[in-house]
Amino acid sequence: MKCETKSRKLFLAINGTLLILLGVLCLVPIINAIAVSFSGAVAIGAGKVTLWPVDFQLDSYRYILSRSEFFDGLFVTLKRLVLGTVIQMVVTVFTAFPLSMEKRDFRFRTVYVWFFVFTMLFGGGLIPLYLQIRSLKLLDTIWALILPGAVSVYNIILMLNFFRGLPRELSEAFYVDGANYHHVLWQLYIPLSAPSFATILLFTMVGHWNSWFEGLIYMNHPRNYPLATYLYTIVQTFDYSNISQESAELLSRITTRSAKCAQIVVAMIPIVCVYPFLQRYFVKGIVLGSVKG
C-alpha cells in the first residue's frame, strides 16, 4: 500500500477543498436561475429569491411554450444539430487522418497543417462572410447555420494529435497484412479514438445547440430562427403587437428576469441530458488529444 506523506495529504485536502468551492461557485448561479424561473414577479422584484422558488409558478415556462415560434426554433435546432454534427465530424476525421501521417507518407503534411493554423489566426471578418453567404444564396436556409462552421480547425488539431499519439506499429502491421488507408482509418483509428471522438462530438453538439448569433444575421424570418436565437430575441426584440390574449395575460404575471432564467433552463436541459453519457470520455480525450506527438 502506498504511504502518503503529510505534505501530500495536505495538498490533497487543500486541492479537494478548492475544487468543491469551485463547483459550488459554478452551481449557485444555475440554482438561482432555476429558482427565479419558478418564482412570482412580486418576490423577484422584492429580491426575495435566492436558491429556492418563492410564490411558485410556471407562467414563465407557459409563456415560452405557448408560442409556435418555440417549436419552430426547436425543429430548426434539431435539424441543425443532426446535420451539422454529422458533417463536422466527417470533415474532422477525414482531415485529421492524412495530416497525422508521417512526412514520408504525406510529403506536404506540414504545409497543410500551417494552412489550417493560419485560418485560426487571421480571418476576413463578418462582413465578407455575410456577403459570401448571400452570394451563394444560403440566406434563410439551414445550410447558412451549418456550412460556415463545418471546418473546425481546433477540433481537427485535437483529433490530429490524438491520431499521432497512437502506436505506429499498429498501422504498420495493418499495412503489412495488405490493408489500405481506408481499412486503417475505419478498423483501427476510429475504434481506438473513442475518447477523442466523444469529446469533439460533445463540443460540436454544444456549439450547435447554444449558437444564436448566426441565426440572427443569416435569417430574415423568425420562423427560420434556431431555438437559441428565438430564446434570445423573445425578450430582447419581442414584438408585442402579435401576441395572443393568453400570452398577454402571462406577460403581466412574469418579469423579464424570470423569462430570461426560464430560457436558460430550457436551453441547457438537452445538453445536461447528453453530457453524462459522454463525460467518461471527456477528460481522457482532452488530455490525450492535447499532447503533441
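The side chains of E214 and R80 meet in a salt bridge, with 3.9 Å from N to O, where a salt bridge is a side-chain nitrogen of Lys or Arg within 4 Å of a carboxyl oxygen of Asp or Glu. This pair links distant parts of the chain, since E214 belongs to helix α12 and R80 to helix α4 (residues 68-99), and the two are 134 residues apart. R80 is buried, with a relative accessible area of 3%, whereas E214 is partly exposed at 27%; here buried means under 20% relative accessible area, exposed means over 50%, and partly exposed lies in between, with a 1.4 Å probe and protein chains only.

The structure is a predicted model, in which local features need pLDDT of at least 70 and side-chain atom pairs count only at pLDDT 80 or more, while totals for chains, interfaces and linings use all residues. Residues are numbered from 1 along each chain as its sequence is written, and side-chain values use heavy atoms, with hydrogens and water left out.

How many salt bridges does a search of the whole structure find? The search finds 2, and one of them joins the side chains of D59 and R62 at 3.0 Å, N to O. D59 and R62 are both in helix α3 (residues 59-65), and because they are 3 residues apart, about one helical turn separates them. D59 is buried, with a relative accessible area of 8%, while R62 counts as partly exposed at 45%.

## The overall fold

The protein has 15 helices and 0 strands; helices (H or I, at least four residues) and strands (E, at least two) are DSSP runs, numbered from the N terminus. Of its 293 residues, 36% count as buried. If one takes the contacts (heavy atoms within 4.5 Å) between residues at least 6 apart in sequence, 73% of them join residues at least 24 apart.

The protein exposes about 17600 Å², of which carbon and sulfur atoms supply 68%; accessible areas come from the Shrake-Rupley method with a 1.4 Å probe, and for residues only the protein chains shown count as cover.

## Aromatic pairs

The structure holds 16 aromatic pairs. Rings of Phe, Tyr and Trp (its six-membered ring) pair if their centres lie within 6.5 Å, and planes under 30 degrees apart count as stacked, over 60 as edge-to-face and the rest as tilted. Among the pairs is the stacked one formed by W212 and Y232, with 4.3 Å centre to centre and 15 degrees between the planes. W212 lies in the loop between α11 (194-210) and α12 (213-218), and Y232 lies in helix α13 (residues 227-236), so the pair ties together parts that are 20 residues apart in sequence.

W212 is partly exposed, with a relative accessible area of 32%, and Y232 also counts as partly exposed, at 32%. Elsewhere, F38, F56 and Y61 form one aromatic cluster.

## Nonpolar residues at the surface

I20, V24, L27, V28, I30, I31 and L51 form a nonpolar patch on the surface, with about 570 Å² of accessible area together. Patches are made of residues with over 30% relative accessible area and no salt bridge, where like charges are joined within 9 Å and nonpolar side chains (Val, Leu, Ile, Met, Phe, Trp, Tyr) within 5 Å.

V111 lies in helix α5 (residues 109-121) and is exposed, with a relative accessible area of 53%. The C-alpha atoms of V111 and L99 are separated by 9.8 Å, and these residues are 12 apart along the chain.

## Two loop residues with positive phi

Most residues other than glycine have a negative phi. D55, although not a glycine, has a positive phi of about 55 degrees. D55 lies in the loop between α2 (41-45) and α3, and at 51% relative accessibility D55 counts as exposed.

For K137, phi is near 60 degrees, again a positive value in a residue other than glycine. K137 is placed in the loop between α6 (126-135) and α7 (143-146). Is K137 buried or exposed? At 70% relative accessibility, K137 counts as exposed.
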